[in-house]
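Walk through this structure with me, one contact at a time.

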Amino acid sequence: MAQAAIELVGINKSFGAVRANRDINLEIARGTIHGIVGENGAGKSTLMSILYGFYQADSGEIRVGGKPASIKTSNDAIALGIGMVHQHFMLVDNFTVLENIILGAETNALLKSSIAKARSELDRLEREYGLEVDPDAIIEELPVGLQQRVEILKALYRGAEILILDEPTGVLTPAEADHLFRILRQLKEQGKTVVLITHKLREIMAITDTVSVMRQGTMVATRETSKTTVEELAELMVGRRVLLRVEKGEAAAGAVKLAVKNLTVKDSRGVTMVDDISFDLRAGEIVGIAGVAGNGQSELLEAISGIRRAVSGSVMLDGKPIDLTGAADPGELRDRGLAHVPEDRHHVGLVLAFEENENSILGYHDDPRYLKGPFLNIDAIMADATDKIEKYDIRPGNPRLKTANFSGGNQQKIVLAREIEQDPGVLIVGQPTRGVDVGAIEFIHKRLIAMRDQGKAVLVVSVELDEIRSLSDRILVMFAGRIVGERGPDATEGELGLLMAGIEQEAAA
Amino acid sequence: MDTLNAIVQVLDSTIRLSVPLLLACLAGLYSERSGIFDIGLEGKMLVGAFAGAAAASVFHSAFIGLGMAILISVAFAMVHGFASITHRGNQIVSGVAINFIAAGSTIILGQAWFQQGGRTPALQPGERFESITADVISNFLATYSFSTASVADLLVSIRGLILYLPALLFDALARIPGFGPIFAELVLGHSVLVYFAFAMVPFTWWVLFRTRFGLRLRAVGENPAAVDTAGISVTWLRYRALICTGILTGVAGAYLSMVQNGGFVKDMTAGKGYIALAALIFAKWKPVNAMFACLLFGFLDAASIRLQGSPLPVIGKVPAQFMQALPYVLTVILLAGFIGKAIPPRAGGVPYVKER
């Protein structure tokens with residue numbers, strides 16, 4: 001094995017009660033492409049931020065090129081030859097490429113000589129690595145792929161020998177991603193060390209030499225890429241099954257409640273995230289949408305629930321069209337019997353500063369049940385909240401408590417209680433159990449199945465494969481904005497994993 | 001000749017009236033370009049005006065007055081920085097607080113120190129900045145001699161030597177028949193602070209677009225995270241921007257109490273800080289535009305004073321209030337998107353917090 005470019009020894013980092021990194025040991029060989037995989041929240045980005053001086057580890061040692069290094073600021077990291085390409089680009093959008101590149105690396109107090117130097121240096125980098133980009137272009141006028149190239153150039157301009165890329169392909173088109181990989185291979189040939197953080201296993205298999213897997217803040221394994229498989233990595237990433245499989249009977253699917261046809265959705269950057277998707281959701285069934293985070297599930301959810309405007313496509317709710325590309329808003333959908341439990345309960349589902357009882361009617365606050373003339377009917381609201389607290393076992397059972405003071409699982413129950421108790425015909429749930437403890441998971445799953453048994457249509461989007469498998473009557477797998485396969489509830493984890501990784505394989509249905 | 005005279009006079013007062021706006025506007029430009037909204041320009045000008053006039057009258061020196069105006073104004077800017085940069089407070093609230101503190105404290109201290117109802121004593125010659133008129137220049141040329149009698153004399157003589165050639169030129173220009181009087185009225189006859197204000201326009205442009213400090217300043221107002229990851233301290237950078245703001249509002253205040261007026265009068269800024277903010281938006285946060293915006297707003301002010309009571313041709317009588325409201329009306333029209341788009345610095349008003 002070649003000499004180590006970076007060694008991390010016993011790194012620990014906590015944010016409050018959350019242990020983001022626990023006792024991490026990692027060795028990255030010089031001149032290799034090293035992948036770090038793990039689910040969202042596994043601690044990959046935290047680890048790399050420690051390496052780049054954005055955070056400081058609570059304990060542990062970093063060695064760069066064999067020597068112990070103290071990295072307190074990004075400056076220290078840059079001086080040690082560590083460069084980072086952030087997931088969200090650290091570029092000034094209305095600056096030129098040149099201005100962005102010299103920012104923080106100017107030669108002296110006046111810009112003239114810095115710009116001249118950067119211009120000639122860019123020329124050299126362009127020749128050496130094929131990183132061509134117009135130095136005078138304004139960043140916001142460049143496509144995302146080129147913006148990322150500017151980020152790489154920024155790092156190289158500062159003399160980076162070790163380049164960390166955090167989820168670099170999330171915003172790229174496949175062609176741009178392929179180009180990026182060519183660049184990374186070229187960098188490797190020139191002796192640079194590349195650290196690639198991703199949750200996309202296909203990329204890991206395609207480009208890395210070594211791969212380390214993180215799960216829940218710990219480093220669970222390091223493998224040579226050529227000696228491992230997608231299946232093994234997926235299992236390592238997800239870990240043992242902690243989830244109890246909830247008992248449920250056969251689905252009695254009825255009439256189509258929600259019919260989605262050719263739906264296309266773009267994100268705020270203008271990247272197509274949902275690409276021409278069609279599916280039906282019937283009464284009395286749970287349809288699960290599986291997929292690695294960032295493959296368009298969030299945007300799909302947001303579009304169907306009226307939060308994000310769709311670009312094109314048609315959606316029928318109970319046989320009547322809803323105009324998701326235009327006028328439809330969540331209120332209208334709610335009135336028509338479509339309830340939504342958003343993925344992000346903290347920012348979309350709840351107002352954390354509100355009391356529990358206020359959140360338990362949020363969005364339904366103009367329902368006559370909760371009103372007395374033009375005023376809120378506090379008594380009715382409190383009675384309603386108390387009722388929900390009892391039914392859903394929300395703890396602590398105090399409707400006057402600030403919502404922020406409830407645990408994640410109980411906050412999720414508040415949202416679920418609010419939406420389910422409105423008795424909607426269609427329930428759309430994003431990440432039903434993200435950040436929820438095991439006991440509450442079981443409760444939530446039972447509730448969702450009870451909804452189904454009452455003849456409601458339930459759509460569940462989750463990145464937890466186990467959850468999808470135990471809840472769903474039908475499983476749709478999303479990859480790169482498309483539905484790449486439909487499977488029954490008995491599909492194996494490996495089979496779904498392959499679909500999720502975008503590896504097309506015609507398994508017997 | 002009467003009309004020409006009137007026009008020249010209006011233009012002359014346009015310059016005088018736009019100087020405090022221009023200084024405050026450029027002050028706001030430094031701060032807002034760095035991502036710190038500063039609604040406290042008004043208050044900083046006011047404390048600058050008070051400190052300047054008070055110090056000038058106590059120490060009998062215009063320059064000590066100016067220095068004190070800058071010092072106190074910078075101190076207030078640092079309070080704004082402490083609240084909104086270090087403690088990530090709401091920038092608008094902090095700015096408003098500064099305006100209130102300024103309005104109250106200047107009156108209280110003025111009354112306590114000078115017992116003239118919140119005024120400072122009328123400034124004597126030498127305590128205020130004198131106008132450099134054509135007479136002053138010809139006088140200077142007539143009486144100039146090189147003396148080495150004492151160190152002070154020597155310094156004055158050397159300064160005179162440097163000023164001698166420009167003085168000769170201006171003197172000659174002012175003597176050209178026809179053109180001379182207009183030149184003397186418009187270009188000459190102002191105090192040194194006026195020339196400073198207008199010199200700050202190209203200087204600010206140069207700082208912003210040609211220096212490392214300017215590049216970083218603009219960057220931190222657009223995307224502080226980019227600046228942070230580039231290894232530059234966002235905090236220190238924003239503090240430096242606020243120091244620039246404090247210096248300029250200090251000069252603006254000094255101009256009000258030591259040039260335009262012979263002493264401090266309570267609430268003498270009279271909303272100029274807000275008009276300067278409007279001008280800053282109108283100028284789309286660009287220094288040269290800022291100068292034109294301030295000249296325009298100054299002109300409206302000058303015209304409204306000049307036209308008080310007298311009817312305009314075609315339109316008839318225009319209420320002075322209408323002219324005074326025009327800067328705000330124009331700014332609203334601009335903000336509504338009728339005169340191109342005014343895009344503020346993107347990180348403006350948002351305290352910088354490192355995120356995951």
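A network of salt bridges links A:D93, A:E140, B:E222 and B:R346. A salt bridge here is a side-chain nitrogen of Lys or Arg within 4 Å of a carboxyl oxygen of Asp or Glu. The model is predicted: local features need pLDDT of at least 70, side-chain atom pairs count only at pLDDT 80 or more, and totals for chains, interfaces and linings use all residues. Residues are numbered from 1 along each chain as its sequence is written, chains are lettered from A and ligands numbered from 1 in the order in which they are written, and side-chain values use heavy atoms, with hydrogens and water left out.

Over all chains, the structure holds 36 salt bridges. One of them joins the side chains of A:E167 and A:K44, at 3.4 Å from N to O. A:E167 sits in the loop between β7 (162–166) and α6 (174–189) of chain A, and A:K44 in helix α1 (residues 44–51) of chain A, so the pair ties together parts that are 123 residues apart in sequence. Helices (H or I, at least four residues) and strands (E, at least two) are DSSP runs, numbered from the N terminus. A:E167 and A:K44 are both buried. Buried means under 20% relative accessible area, exposed over 50%, and partly exposed in between (1.4 Å probe, protein chains only).

Two further bridges follow. B:D38 meets B:K44, with the closest N and O atoms 2.7 Å apart. Both B:D38 and B:K44 are buried. A:K227 bridges to A:E224, and there the closest N and O atoms are 3.9 Å apart. A:K227 counts as exposed because its relative accessibility is 64%. A:E224, at 45%, is partly exposed.

Which backbone oxygen does the side chain of B:N223 reach? That of A:L91, at 2.8 Å. This is a polar contact: a pair of N or O atoms within 3.5 Å, where within protein one must be able to donate a hydrogen and the other to accept it, and residues adjacent in sequence count only if both atoms are side-chain atoms. B:N223 lies in the loop between α9 (212–222) and α10 (224–229) of chain B. With a relative accessible area of 16%, B:N223 is buried.

Now the rings. Rings of Phe, Tyr and Trp (its six-membered ring) pair if their centres lie within 6.5 Å; planes under 30 degrees apart count as stacked, over 60 as edge-to-face and the rest as tilted. The count is 14 aromatic pairs over all chains. B:F50 and B:F264 make an edge-to-face pair, 5.1 Å centre to centre with 80 degrees between the planes. B:F50 belongs to helix α2 (residues 41–59) of chain B and B:F264 to the loop between α11 (234–260) and α12 of chain B, so their pairing ties together parts that are 214 residues apart in sequence. B:F50 and B:F264 are buried. The ring centres of B:F282 and B:F297 are 5.5 Å apart and their planes are at 45 degrees, so this pair is tilted. B:F282 is in helix α12 and B:F297 in helix α13 of chain B, so the link spans 15 residues in sequence. Both B:F282 and B:F297 are buried.

A charge sits over a ring if NZ of Lys or CZ of Arg is within 6 Å of the ring centre and within 35 degrees of the ring normal. A:R334 lies over the face of A:Y364, 5.2 Å from the ring centre. A:R447 lies over the face of A:Y392, at 4.5 Å.

Return to helix α12 (residues 272–282) of chain B. Ten of its eleven residues are buried, among them B:I275, B:L277 and B:F282. Just after α12(B), B:K284 takes a positive phi of about 55 degrees. Most residues other than glycine have a negative phi. B:K284 is in the loop between α12 and α13 of chain B and is partly exposed, at 25%.A:D318, in the loop between β14 (312–317) and β15 (320–322) of chain A, also has a positive phi of about 55 degrees.

Last, the surface. A:L110, B:F203, B:W205, B:W206, B:V288 and B:F292 make a nonpolar patch of about 570 Å². Patches are made of residues with over 30% relative accessible area and no salt bridge: like charges are joined within 9 Å, nonpolar side chains (Val, Leu, Ile, Met, Phe, Trp, Tyr) within 5 Å. α8(B) gives the most, three residues.

Technical notes
Accessible areas come from the Shrake-Rupley method with a 1.4 Å probe; for residues, only the protein chains shown count as cover.
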